[in-house]
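This briefing walks through one protein chain, topic by topic, for a reader who is new to looking at structures. Please keep the sequence and the 3D view at hand while reading.

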Amino acid sequence: MKMTSIDIDIICGLNSNFIYHYSEDSVYQYNSIKVMHKFGIAFACIYWYENDSENQLYISDLHVSPNRRNEGFGRVIMRLYEDIGKLYEFKSLSLFVDPDSWTKNWYSKLGFIDTKDKCDEYFTWMNKLLY
């Protein structure tokens, strides 16, 4: 999957309350889109590998300012990433999470399923099919 500057223009039109940054890493062969609320309230990153046979988007570093949690900013970012994934026909969204954290339940409410695959001794993978 290769996105161009025209593609990022489309992505920027998905929600004008966010700032978007697209980058390519030629060494590790992955691309990413970082999203941040225009007032810095929340941010996250998605990335994908050029040669990923599973055609997945990976979510990392979702953060919402503690004093602004439970206002829907995290859900908005996750919806943006779902929209991007569907727009470019990615099969699924994947992330890893501490299985003992409140975030695991939060992601479950958004439709993510624990794959029971361990990322390492502290984290487990969760996945959400997009199509």
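This is a predicted model: local features need pLDDT of at least 70, side-chain atom pairs count only at pLDDT 80 or more; totals for chains, interfaces and linings use all residues.

Contact, as the word is used here, means that heavy atoms lie within 4.5 Å.

**Y47 and its surroundings**

- Y47 has its place in strand β3, and, leaving aside its neighbours within four places in sequence, Y47 is in contact with Y30, N31, S32, Q56, L57, Y58 and S60.
- Y47 counts as buried because its relative accessibility is 17%, and buried means under 20%.
- Between the C-alpha atoms of Y47 and D100, which are 53 residues apart along the chain, the separation is 25 Å.

- A pair of aromatic rings is described by the distance of the centres and the angle of the planes.
- The structure holds 12 aromatic pairs, and one of them is formed by Y30 and Y47, an edge-to-face pair with 6.0 Å from centre to centre and 70° between the planes.
- This pair links distant parts of the chain, since Y30 lies in strand β2 and Y47 in strand β3, 17 residues apart.
- Y30 is partly exposed, with a relative accessible area of 25%, whereas Y47, at 17%, counts as buried.
- Y58 and W125 also form an edge-to-face pair, again described by 6.0 Å centre to centre and 70° between the planes.
- Because Y58 lies in strand β4 and W125 in strand β7 (residues 124–129), their pair ties together parts that are 67 residues apart in sequence.
- Y58 is buried, with a relative accessible area of 13%, while W125, with 23%, is partly exposed.

**The largest nonpolar core**

- The largest nonpolar core has 32 residues, and those with the most contacts inside it are I33, I59, M78, Y81, L95, Y107 and F112.
- At least two residues of this core come from each of α1 (5–12), β1 (18–25), β2 (30–37), β3 (42–49), β4, α2, β5 and α3.
- Helix α2 supplies the largest share of this core, namely six residues.

**The largest pocket**

- Rolling a probe the size of a water molecule over the atoms shows where empty space is left.
- The largest pocket contains about 640 Å³ of space, and 24 residues line it, of which L62, W102, T103, W106 and Y107 are the closest to its centre.
- Each of β4 (56–64), α2 (73–87), β5 (92–97) and α3 (102–109) supplies at least two residues of the pocket lining.
- Strand β4 gives the largest share of this lining, six residues.
- By kind, the lining residues divide into 11 nonpolar, seven polar and six charged.

- S94 lies in strand β5 and is buried, with a relative accessible area of 4%.
- Not counting residues up to four places away in sequence, S94 touches Q56, L57, Y58, I59, W125, M126 and N127.
- K104 is found in helix α3, and its relative accessible area of 18% makes K104 buried.
- Again not counting residues up to four places away in sequence, K104 touches V97, D98, P99, D114 and M126.
- Although K104 and M126 are 22 residues apart along the chain, their C-alpha atoms are separated by 8.4 Å.

**Positive phi values in loops**

- Most residues other than glycine have a negative phi.
- Phi of N55, a residue other than glycine, is positive, near 55°, and N55 lies in the loop between β3 and β4.
- Phi of N70 is likewise positive, near 65°, and N70 lies in the loop between β4 and α2.
- Is N70 buried or exposed? With 85% relative accessibility, N70 counts as exposed, because exposed means over 50%.

Methods: Residues are numbered from 1 along each chain as its sequence is written. Side-chain values use heavy atoms; hydrogens and water are left out. On a 1 Å grid over the protein atoms alone, a cavity is a set of points where a 1.4 Å probe fits but cannot get out, and a pocket is an open set with protein on both sides within 12 Å along at least five of seven lines; lining residues have an atom within 4 Å of a point. Grid points are joined across faces, edges and corners, and a volume is the space filled by probe spheres set on the points. Helices (H or I, at least four residues) and strands (E, at least two) are DSSP runs, numbered from the N terminus. Ala, Val, Leu, Ile, Met, Phe, Trp, Tyr, Cys and Pro count as nonpolar, Asp, Glu, Lys and Arg as charged, and the others, Gly among them, as polar. Buried means under 20% relative accessible area, exposed over 50%, partly exposed in between (1.4 Å probe, protein chains only). A nonpolar core is a set of buried Ala, Val, Leu, Ile, Met, Phe, Trp, Tyr and Cys residues joined through side-chain atoms within 4.5 Å. Rings of Phe, Tyr and Trp (its six-membered ring) pair if their centres lie within 6.5 Å; planes under 30 degrees apart count as stacked, over 60 as edge-to-face and the rest as tilted.
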